[in-house]
Amino acid sequence: MAPRYATLLVILQAVLAPKLSMAQVCNYQMRDCICDISQKVCNFNLLIEAMPTFTSYELNSLPAMPGMTGLYRGALGGIYYFDSTGSLAPSNITVPGHGRCSGIANGAFGKQNCSIPMTVDGETYRTFLAVNGLIPGPNLIVYYNQTVSVNVVNALHSDRASFTYIFKADPSGTFWYHSHSGAQRTEGIFGALIVKEIGNTPKLNLKAEEHILSLLDWQLEPSDVLFTRLRSKIGFFPPSIPYGAVPTGGPYWVKFGADNTLVGTIPYWSGIINGLGRHPSVPYNSSRLSVFNVAYRDDTVANPAYYRFRLIGAQSLYAYRFSISGHSLLLMATDGYLIQPVQVDYIIIHGGERFDFALKPKNVSEAGSSRDYLILAETLEVDTSAAGPPYPSFNHIAEAILHYGDNTNQPSSTSYSQISASYSLDCGKNGLRPCIAINCLFESYHPSYNTSCMTLTSLQLLYPTPANELPGTPTSTIFLNFGFEGVGSAVNGRNFVPPTFPLQSQPGKSLADEYICSSGVVDCSKTSCFCTNIVNITNNSTVEMVFSSVGRGYNFAHPIHLHGHSFHVASINYGTYSSSTGFVTGTNTNVTCNSDYYCTDPTWNSKYLPSNPTVTSTTIRKDTIIVPAGGYVRVRFIANNPGYWFLHCHLEPHQVEGMSVLIDELQNQQNPPPTELNQVCGNFYWNVASFENKLAFNPYASKKDGELTSTADMLLMLVVSSIVIMVL
């Protein structure tokens with residue numbers, strides 16, 4: 001049965017059974033939804049709908065869906081803009097009397113039961129996809145091992161429908177949820193998923209108050225429009241062209257990073273942090289930036305406390321270099337795993353990655369008259385046509401503010417410009433020490449940048465991996481090359497096409513009518529392959545995967561994400577570099593395509609075999625890793641979570657275009673789907689009692705706490721294998 005209207009897939013990227021939770025109250029446009037530690041079960045409702053920016057709507061008490069309570073968006077609303085004083089004012093095109101929310105003064109939206117307008121970058125008026133009326137969606141905050149039930153309601157069309165996710169909040173850490181249908185994620189369907197630690201907690205004195213920051217590169221037009229232009233090679237044109245006019249100028253050309261590899265194939269428009277930012281054309285006073293409050297450090301007490309910040313990379317395309325003016329960052333976790341803390345100045349974060357850091361606040365004397373400091377995320381683009389190195393940046397940024405104080409004295413927009421101009425780090429400039437950057441996309445900066453790269457493999461876990469979770473000697477090695485040898489973005493020369501039915505929820509259905517193009521099944525070395533590429537893992541033992549960016553399309557770094565597992569990062573290996581320019585000049589010789597034009601079957605180069613890295617109990621664990629341009633990464637994990645798992649590049653245009661693959665991990669031993677899911681379309685609802693009845697299923701008795709059981713992660717498996725979950 002064909003879907004009658006749009007499909008919606010929400011990937012709960014806690015990768016290993018995350019924990020969604022609804023604080024006992026999670027109202028419309030509530031930013032933090034917190035489940036109390038005393039609760040065994042946390043319940044959330046997430047309402048997905050299309051909304052225009054800069055618009056306030058009436059909030060009505062009519063339930064949006066059975067079981068959902070509180071106020072939800074009505075049909076009447078009004079448009080707002082920033083006036084010359086920096087205040088939100090009603091637009092003069094709003095029809096007077098068109099609902100109570102068309103003429104709110106002084107920002108008193110809540111007093112009138114009106115939704116708060118989403119002003120994003122202060123410039124762009126267009127439709128976005130909202131979660132509970134917000135971009136990004138609400139922060140879902142729960143505790144380790146709570147049971148989480150999330151009811152997702154698809155209101156993108158008039159016929160609403162819902163899908164219920166239930167799972168255990170395990171492991172703890174910083175995760176996020178997002179759509180995996182087309183380009184819906186970068187249109188707004190994403191949010192933070194925080195699983196707070198119980199037991200193995202950070203060995204730092206942390207304040208109870210913590211901050212969550214999500215980064216997004218925001219676009220002028222909907223992402224699906226931009227991706228269509230990218231794939232068709234039409235190009236991109238200056239935004240100065242009047243709306244609706246036929247473009248006559250030359251197309252936008254790509255941008256490069258300090259290593260002269262591609263970092264931008266779609267023009268950068270603006271950046272937002274927690275849904276707020278500033279387009280370059282907008283005066284600072286006509287924008288709204290996110291503000292994060294901290295208190296001055298009290299040195300009269302022993303061991304003054306740090307603030308924990310949880311940083312989430314939700315970007316579509318651009319990696320960001322993140323920093324805070326006047327402060328260094330104590331890195332303490334990545335992708336949910338606590339590490340031995342290390343001091344850095346920059347965190348380079350790509351789409352899908354998460355980093356936690358602790359911030360040591362200044363005391364009153366250190367701060368002096370400064371109460372506000374710029375939080376800056378800058379793309380890695382540089383102007384390689386200028387004289388260099390070092391090459392000048394394009395100043396493509398996202399901004400927020402670190403504020404010493406509380407909500408009663410936050411900075412006004414009239415002070416944003418001065419705060420931005422005061423940005424400074426005590427490193428990098430002439431006469432100062434080199435800045436330290438973690439997670440560079442390349443091996444090192446040219447010395448002229450006065451910045452040192454710290455690799456992820458130099459990090460160590462804070463708590464050693466238990467022996468039964470530690471990968472041993474690999475019994476198989478799977479090579480996956482991420483490049484452009486197919487028709488655009490591909491893996492091993494194959495452009496991924498989703499199967500026509502959800503493999504995980506319909507495991508008995510035949511694949512005979514699907515175009516499967518796995519290695520050894522279809523020869524894609526001489527022709528383009530648009531197909532469902534499935535890689536089989538047949539044994540419950542250690543698997544090694546080699547993610548590479550070599551061959552003809554090697555000049556792009558890719559953040560690669562594996563669903564259903566975390567993995568140990570055994571090694572990161574780079575391409576060849578020029579010491580005079582700092583540019584990548586070629587690919588690493590360890591991996592070869594064997595003269596295969598499409599690089600459909602990469603393998604080790606017998607002439608340049610690499611040494612065998614060692615994975616120890618403190619080797620770093622992640623679920624998303626950047627594969628450097630011209631290089632490769634070796635990761636290892638134990639194949640003990642049966643099901644179909646999606647593996648893909650987390651650059652949205654690459655993933656949508658086909659840079660993905662399905663992992664069939666002992667699928668015949670998976671936990672059978674719930675009986676309530678035995679339907680082709682319609683609402684899917686099940687309850688916690690049904691979920692708990694399935695928790696007894698465990699094909700591997702050796703698995704223990706800290707590893708997901710296949711049942712606890714079952715709905716993730718359903719989501720991943722389907723690629724699209726139909727909410728009809």
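**A tour from whole chain to one buried serine**

Of the protein's 728 residues, 61% count as buried. Keep in mind that this is a predicted model.

**Stop 1: the whole protein.** Colour by secondary structure. You have 6 helices and 45 strands to look at. Now show the surface. The accessible area comes to about 26800 Å², and carbon and sulfur atoms account for 52% of that. Next, think about contacts. Take those between residues at least 6 apart in sequence: 74% of them join residues at least 24 apart.

**Stop 2: a three-stranded sheet.** Select β4, β5 and β6. They form an open sheet in the order β4-β5-β6, with antiparallel pairing. The edge strands are β4 (55–60) and β6 (88–90), and each pairs on one side only. Strands of a sheet pair through backbone hydrogen bonds, either parallel or antiparallel.

Zoom in on β5, residues 72–82. Over how many bridges do β5 and β6 pair? The antiparallel pairing runs over 3 bridges. Pick Phe-82 here; Leu-88 in β6 stands opposite.

**Stop 3: Ser-548.** Jump to strand β34, residues 542–548. Select Ser-548, which has its place in this strand. Is Ser-548 buried or exposed? Its relative accessible area is 1%, so Ser-548 is buried, the cut-off being under 20%.

Which residues does Ser-548 touch, leaving out those up to four places away in sequence? Display Leu-480, Asn-481 and Phe-482, then Val-591, then Val-627, Gly-631 and Tyr-632. Those are the contacts of Ser-548 to inspect.

Methods
Residues numbered from 1 in each chain as written. Predicted model: local features only at pLDDT ≥ 70, side-chain atom pairs only at ≥ 80, totals over all residues. Heavy atoms only, no water. Helix = DSSP H or I, 4+ residues; strand = E, 2+ residues; numbered from the N terminus. Buried < 20%, exposed > 50% of the residue type's maximum accessible area, 1.4 Å probe, protein only. Contact = heavy atoms within 4.5 Å. Areas by Shrake-Rupley, 256 points an atom, 1.4 Å probe, with all protein chains shown as cover. Pairing = 2+ DSSP bridges.
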